[in-house]
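Work through the exercises below with the sequence and the model in view. Each task is followed by a solution in steps.

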Amino acid sequence: MGDRRPPAFYALAAVFGLFVLFLYGPMLTIVVLSFQGPTGGLTFPMHGVSTHWFVSLWGGLGVVDIWAAFGRSLRLGLAVMVLTVVISLLAGYAFRRGFRGSSLVFYTAVASLIVPSIIVSLGIGVQFRLLDAAIKAAAEALGLAAFTESFATSAGTFTSGLGAHLTWTLPFGLLIMFAVFNRFDGRYEEAARDLGATPWQTFRHVVLPLIAPSLVGIALFGFTLSWDEAARSSQALGSDQNTLPLELTGLTTTVTNPEIYALGTATTTVSFAVILVSLLLFRTLSRRQARGR
Amino acid sequence: MERVHRGLSDREAGRTAVLEPASALATARAGVWRRRLTSRAAAPYWQAAPLALVFAFFFVLPLVVMVVVSFWRYNEYSITPALVGDNYVSVFSGCVAELPSLCLTFKTYLSTLKFCVLAWALTLLLGFTVAYFLAFHVRSLTAQMALFLVCTIPFWTSNVIRMISWVPLLGRNGLVNGFLITAGMTREPQTWLLFSDFSVVLAFVHLYTMFMIVPIFNSMSRIDRALLEAARDAGASGWQALWNVVVPLSKPGIVIGSIFVVTMVMGDYVTIGVMGGQQIASIGKVIQVQLSYLQFPLAAANAVVLLAAVLMVIAAMTRLVDVRKEL
């Protein structure tokens, strides 16, 4: 192969460049427009540059308690992140050793990824509705009148919402673990065992440092997929428990000023901060690992 | 090591058994159970348990509930257990009687099918091209990974925001219309750019091309470069090598990407809602509206029909490839 690029390279490079512009261009426009002047509207031109819309966003968005939704999404995202990493890691170990019914679990995970979110959401919503009815009936049968009166619903951010998000993040986590263990050299573990390490020590001092970068990857998927999830949560959350993406979807039809861009910029900043931290952590851990070898 | 430990604890258990028979028997039994639970053979089962339980309770059970409820009766206030096909009848009401004109359900599915085909064809074409560029034309591995990352980062940001971000570009007073008017290509602002079929398809391509790039790139990076050289040596033109070597070997990635894109478009209601200005029908939207009126059994019946349609599409596509081999 010579060093000269074939003509096809330049054509393809141009397509790639346009694709990247197509990916990031629109996002850039709303970041720019979120700094619109106080008299500016939803489109260009810019009427000066200001942080007016961020300030007014800080004060809240009318009837919608956007900061409560922000906090809920953040807490839920962190919980989903931690659970996704732990559960995927354990499952990765299980699949590596093999167990009866592993194909069934695998195909269920893949199905969970592919079945349309609205269907999963509907199922969970109805399931918790029936669960509520059952709980109320049981409480009445037991004569717990006080409980029946105070009990509203078992659906909520950290019950049905958490479950709905996990059905979306866990398949990604599992697939990443598959990729990790498919390429993992089992001789490191054998060596550890031969030197007298317990299974826990083998995990803690040999396996964990080697797969740590991939776990950061799973954490990244866990948080960002939860942080941006709308379709699967839509029916699965209790009333007044909307997450940020759901509020945002609602706001697209009602908000008519750049506040929504400011909110978009704020949300995207969180996403990018998480991505950046993950990538840096990934690099640090990979380097440390490479040095250790 | 482990066996030695086990032998030791057995002997200890034996020693206590001589001293105090009854409690020792209990201890020994508990020991057996503990060993069974902590033995290496049992490990995969408790390790897989959390994952299996999450899917059982938040995925499988909800689907079962949905199928069951789709046969229930409902009124404005409540849903009641029953075993009636009424909901399915109303899903397909008029579908046979009104032929050859299409009933609402068929029309909606046809519209969804149109979006599926358009989104699939465009994401495949674009995704394949980008993956091909990354896999075969970017030579340094570092550059390859960096550019790959550039393509995937938007996937980790919010879909809704990525949709909204088209508004200042495509709207009545948006950048595109401004450009068209200034360039003298049109006098009136074009209104088909936003809240139209066009903007919906554009958003699908914008959001989902990533789902084509990743699996196709994965398949392509496994293709032995010697095969391409062999094709060239045998006198194949660039196009022939692409069509007869690269495309067949990328098939698994193409199929996986296609399954993702098609199923996501089939069940979509957020994108069609936001980008279609809440004016375009889709099955997902129908289900969502019925849910907002608390018509759970009817929505469930619609969802069952949608699920059946999705499963048929997947079955057809997976006949082409063994997904599990590709990981």
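**Exercise 1. The nonpolar core**

Task: Find which residues have the most contacts inside the largest nonpolar core.

Solution. Start with the term: a nonpolar core is a set of buried Ala, Val, Leu, Ile, Met, Phe, Trp, Tyr and Cys residues joined through C-beta atoms within 7 Å. A residue is buried if 20 or more other C-beta atoms lie within 10 Å of its own, exposed if 12 or fewer, and partly exposed in between, with C-beta atoms placed from the backbone. The largest such core holds 145 residues, and those with the most contacts inside it are A:Leu122, B:Leu51, B:Phe204 and B:Ala300. Its largest share, 15 residues, comes from helix 10 (residues 197-220) of chain B. Helices here are DSSP runs of H or I with at least four residues, strands are runs of E with at least two, and both are numbered from the N terminus.

Next, take B:Phe204. Two residues are in contact if their C-beta atoms, placed from the backbone, lie within 7 Å. Neighbours within four places in sequence aside, B:Phe204 is in contact with B:Phe115, B:Ala119, B:Val265 and B:Thr271.

A note on the source: this is a predicted model, in which local features need pLDDT of at least 70 and side-chain atom pairs count only at pLDDT 80 or more, while totals for chains, interfaces and linings use all residues. Residues are numbered from 1 along each chain as its sequence is written, and chains are lettered from A and ligands numbered from 1 in the order in which they are written.

**Exercise 2. Chain B and its partner**

Task: Describe chain B, then the side of chain B that touches chain A.

Solution. Chain B has 16 helices and two strands. Of its 327 residues, 37% are buried. For contacts in chain B between residues at least 6 apart in sequence, 66% link residues at least 24 apart.

Now turn to the interface: 70 residues of chain B are in contact with 71 residues of chain A. Helix 3 of chain B gives the largest share of the chain B side, 20 residues. By class, that side has 52 nonpolar residues, 17 polar and one charged. Here Ala, Val, Leu, Ile, Met, Phe, Trp, Tyr, Cys and Pro count as nonpolar, Asp, Glu, Lys and Arg as charged, and the others, Gly among them, as polar.

**Exercise 3. A helix pair**

Task: Which residues of helix 4 of chain A meet helix 7 of chain A?

Solution. The axes of helix 4 (residues 102-114) and helix 7 (residues 157-182) of chain A come within 8 Å and cross at roughly 125 degrees. Axes are lines fitted to C-alpha atoms, for helices over the stretch in contact, and angles run from 0 to 180 degrees between N-to-C directions. A:Ala109, A:Val110, A:Ser112 and A:Leu113 in helix 4 of chain A meet A:Thr167, A:Leu170, A:Pro171 and A:Leu174 in helix 7 of chain A. This contact has six nonpolar, two polar and no charged residues.
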